[in-house]
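The following paragraphs lead the reader through selected parts of one protein model. Please keep the sequence and the structure in view while reading.

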Amino acid sequence: MNTETAAAAVLDHWIDGASASPASGTYSSGTNPATGGPTVRIAGGDPTDVDAAAAAATRAFPGWRRFSAPERGRILRRIADAIREHAETFADLEIEDTGKPRRTALAEVENSAAYFEFYAGLVNLPVGDVLDVEPGQHIYTRREPYGVIGIITPWNVPLNQAARAVAPALVTGNVVILKPAETSSQTTMLLARLSAEAGLPPGVLNVVLGSGSVVGTAIVSHPAVRKVAFTGSVQTGRTIGRIAAERIIPLTLELGGKSANVVFADADLDVAAREAVRAFSANAGQVCSAGTRLLVERPVHDAFVARVAALAGELREGEDIGPLITRTQFAQVQEYFQIAHEEGATAVIGGSVTDDPALAGGFYVKPTIYSDVDNSSRIAQEEIFGPVLVTIPFDDEADAIRLANDSEFGLIAGVFTRDIGRAFRVADSIEAGQVFINTWSTGAVQTPFGGHKNSGYGREKGIEAMLHYSHLKTVVAVY
Ligand code: NAD
């Protein structure tokens, strides 16, 4: 039986290098968001399964830590190769779980391979320093793995978010217990199987499936778990943060966003319009880094919004824009359509579910743009997690910065202008973990990623992530 067909009907945990059925014996049924039909039966994990994964990880840690760094790097590189070799299968599974367009799914698979490749190349970093304090002393610092890392991922970019956290955690010598979102676990499980085939020893990467409140809580609370990397909602981040505070373990929190895209009148408005559409519509708006607040200099606001609306109107539901992930999310976005109406916003385009009869049964909404929006309104402040953009005019640079920062979130931002001095001033003043000038966002694995304010703390991606998956020891010797 090959790995792909094994994953198709029943999805069990992956513990200690092998498939493991849930101690509870229960399974839930996955739903294909493009059709509303069933997908796989997903193991319903519980604390007993987390105990088994923690025991396997704890056993595996000393051995994995003693692997030579180049050998760890070689295994990660083989995992990257395996992801690429199985790109179509990964895309099929991701599409079944999330409904996203194939080219998006394939790009995410390639990006996932790139994480393993990137960190494989950095296996000897970061190493530490020698400190020159006094003669007769040799003082040095070294970075060491934490041990067992708990990783909890959401449903919107499943394989990618798993790869983003697993690769730097493993390359720095840690072992992992990973819990993917209950709605989209298939690609994470295939990643675990292929990693084992690529030579990753049993117990180094374990995947426990199931609900956040049961399995997620059990992972964060488990005494063997020494650090948690979480990607998901602010609400869950707070819940996990309370447990981590009690246990005094470090956390990386990658939470939500309501990112501002600031367009000045002097910008290349063709580029800015194209990027504004990409910013709010990619993955049907279900990305933490979506650009969902479009701030436009007042003299060009109306004409620019018309241009963005014309481009967004060309997006085909089912082709360029996939469905929302679940029936609940579908209902939630429709609730925001109602809130927008009550708040007096004008729907420039969209504001409803799809009217394409071929997509009936799926969770599709039209790409939506609202104007006549006040920045203090709910649709401008709350993360909708659908393809919904609000537009707000501003008067000058100071006004643009004030509006951009008037948000509980601070994940990413965009600035479009031909005035390079202004671009840098605005980039410096915006409270966000990353700012893009004359473009919107990047998937590049090299760029550190994380939030300010309620968007979280800690950083994933880049060399920076390796600092978050290792801690520093100082050694002082007198001779
Ligand atoms: P969520 O917080 O409900 O779930 C995320 C993960 O946490 C899932 O695996 C879930 O099962 C688990 N979980 C839920 N409750 C838990 C608990 N009490 N204890 C432990 N784990 C628990 O979020 P979601 O709805 O799946 O994802 C959407 C959110 O994620 C959005 O707010 C989005 O902005 C955010 N997100 C952030 C990033 C980022 O990098 N900053 C990336 C993607 C998504």
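Helix H10 (residues 269-281) and helix H11 (residues 298-313) have axes that come within 9 Å and cross at roughly 55°. The model is predicted: local features need pLDDT of at least 70, side-chain atom pairs count only at pLDDT 80 or more, and totals for chains, interfaces and linings use all residues. Residues are numbered from 1 along each chain as its sequence is written, and side-chain values use heavy atoms, with hydrogens and water left out.

Two packed helices are described by the angle between their axes and the distance between the axes. Axes are lines fitted to C-alpha atoms, for helices over the stretch in contact, and angles run from 0 to 180 degrees between N-to-C directions. Helices (H or I, at least four residues) and strands (E, at least two) are DSSP runs, numbered from the N terminus.

H10 and H11 are therefore oblique to each other; angles under 35 degrees count as roughly parallel, over 145 as roughly antiparallel, 65 to 115 as roughly perpendicular and the rest as oblique. The crossing of H10 and H11 is right-handed, a term used if the near helix is turned clockwise from the far one by less than a right angle. On the side of H10, the contact (heavy atoms within 4.5 Å) includes Leu 269, Ala 273, Val 277 and Phe 280. H11 contributes Phe 304, Arg 307, Val 308, Leu 311 and Ala 312. By class, the contact of H10 with H11 has 10 nonpolar, no polar and three charged residues. Here Ala, Val, Leu, Ile, Met, Phe, Trp, Tyr, Cys and Pro count as nonpolar, Asp, Glu, Lys and Arg as charged, and the others, Gly among them, as polar.

The axes of H14 (residues 397-405) and H15 (residues 420-429) come within 10 Å and cross at roughly 30°, which makes H14 roughly parallel to H15. Their crossing is right-handed. Glu 397, Ile 401 and Asn 405 of H14 meet Arg 422, Arg 425, Val 426 and Ser 429 of H15. Two nonpolar, two polar and three charged residues make up the contact of H14 with H15.

Consider next the backbone angle phi. Most residues other than glycine have a negative phi. Ala 284, however, has a positive phi near 55°. Ala 284 is in the loop between H10 and strand E14 (291-297), and at 3% relative accessibility it counts as buried. Buried means under 20% relative accessible area, exposed over 50%, and partly exposed in between (1.4 Å probe, protein chains only). Lys 453 also has a positive phi, of about 50°. Lys 453 lies in strand E21 (residues 452-453) and is partly exposed, at 35% relative accessibility.

Where is Asn 375 placed? Asn 375 is in the loop between strand E16 (368-371) and helix H13 (378-381), and is buried, with a relative accessible area of 4%. The side chains of Asn 375 and Arg 293 are joined by a polar contact of 2.9 Å. Such a contact is a pair of N or O atoms within 3.5 Å; within protein, one must be able to donate a hydrogen and the other to accept it, and residues adjacent in sequence count only if both atoms are side-chain atoms. A polar atom of the Asn 375 side chain also lies 3.1 Å from the backbone oxygen of Asp 406.

Finally, Val 175 is found in strand E9 (residues 175-179) and is buried at 0% relative accessibility.
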